[in-house]
Amino acid sequence: MEKFLCDRLLDPTQPISERFRALFSLRNLKGPGPRNALIQATRDSSNLLAHEAAFALGQMQDAEAIPALKAVLNDFSLHPIVRHEAAEALGAIGLESNIPLLKNSLVLDPAQEVRETCELALQRIEELKSGGSDDKASMAEKSPFLSVDPAAPASSYSSIDKLREVLLDEERGMYERYSALFALRNHGGEEAVSAIIDSLGTKSALLKHEVAYVLGQLQNKAASAALSSILRNASEHPMVRHEAAEALGSIADDESVALLEEFARDPEPIVSESCEVALSMLEFERAGKSFEFLFMQTPLVH
């Protein structure tokens with residue numbers, strides 16, 4: 001099965017949805033075979049698949065993938081969405097040895113979304129390094145949504161109003177805003193979801209894409225209109241439109257599905273492929289089948 005999955009992932013003649021099925025299965029496995037296939041996929045001609053492979057390596061927290069992730073981050077010929085995900089993966093793995101490269105990319109990378117990701121990753125590693133045992137346990141623990149998040153949820157703010165204020169404050173640091181976002185996500189409830197939706201108006205494409213991802217995790221239909229507006233906006237960053245498409249696939253009401261079918265023909269491949277994968281996942285779910293070849297509990301697509 002492992003060889004089948006690796007071959008399926010790396011076969012460019014397969015539909016993108018089939019390659020994603022293999023990817024989601026491989027991230028549940030350990031060892032050099034799955035790791036090397038995912039590393040190879042970070043150089044795929046599909047930027048969507050390449051970025052998801054880097055994300056998977058980070059979620060697996062496999063230190064053996066660090067040299068390859070560093071090479072991806074340093075390669076300016078790769079799409080920023082792929083370099084961003086490599087930086088986030090280095091933060092997710094969390095080793096101090098990743099700090100010098102992340103600091104270098106924080107200054108030199110030409111893409112703002114990559115620099116902001118390096119800022120996040122550095123802060124995560126610093127908190128792991130300097131925090132007390134309770135902080136370290138909190139950082140290392142996976143979220144209730146089975147994802148290794150790029151920031152620990154804020155614990156010092158007790159009210160949704162305060163978390164909302166931090167999340168919407170353009171002057172705050174990216175890590176602090178991410179922390180507020182994940183605290184609101186974990187809190188749930190109508191007011192928290194409303195605050196998250198409002199933050200889709202932020203200037204940062206990086207934060208906006210994470211907000212859309214979180215709304216997909218929450219699967220709250222109240223977010224449908226705002227996410228649809230993002231997907232329809234051709235001038236929006238592809239990484240944001242991609243996450244909006246995936247989130248709409250998670251919400252899966254009739255209007256969302258119709259929109260995904262429409263934008264599966266979008267001229268931007270990151271967007272059209274996202275819609276194709278989301279629709280395929282829905283088809284499997286509605287048939288009562290697992291989208292993955294090897295079904296285990298895994299975080300949502302990023």
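A salt bridge is counted here when a side-chain nitrogen of Lys or Arg lies within 4 Å of a carboxyl oxygen of Asp or Glu. Side chains of opposite charge can pair when their charged atoms come close. Such a salt bridge joins Glu-52 and Arg-27, whose closest N and O atoms are 3.8 Å apart. Glu-52 sits in helix α4 and Arg-27 in the loop between α2 and α3 (32–41), so the pair ties together parts that are 25 residues apart in sequence. Over the whole structure, the search finds 19 salt bridges.

The model is predicted, so local features need pLDDT of at least 70 and side-chain atom pairs count only at pLDDT 80 or more, while totals for chains, interfaces and linings use all residues. Residues are numbered from 1 along each chain as its sequence is written, and side-chain values use heavy atoms, with hydrogens and water left out.

Turning to the overall fold, the protein has 17 helices and 0 strands (DSSP runs numbered from the N terminus, with H or I over at least four residues for helices and E over at least two for strands). The radius of gyration, taken over C-alpha atoms, is 18 Å, close to the 19 Å that the globule rule gives for 302 residues, so the protein is as compact as a globular protein of that length. That rule is 2.2 Å times the number of residues to the power 0.38. Along its principal axes, the C-alpha trace spans about 50 × 45 × 35 Å.

An automatic or database assignment divides the protein into domain 1 (1–127) and domain 2 (160–288). Their C-alpha centres lie 21 Å apart. The contact (heavy atoms within 4.5 Å) takes 23 residues from domain 1 and 20 residues from domain 2.

Between them, the two domains bury about 1,800 Å², 70% of it on carbon and sulfur atoms; this is the accessible area (1.4 Å probe) lost when the parts are put together, summed over both. The count of salt bridges between domain 1 and domain 2 is 0. On the side of domain 1 that touches domain 2, the elements giving two or more residues are α2 (16–26), α4 (47–60), α6 (80–93) and α8 (112–130). The largest share, 8 residues, comes from α8.
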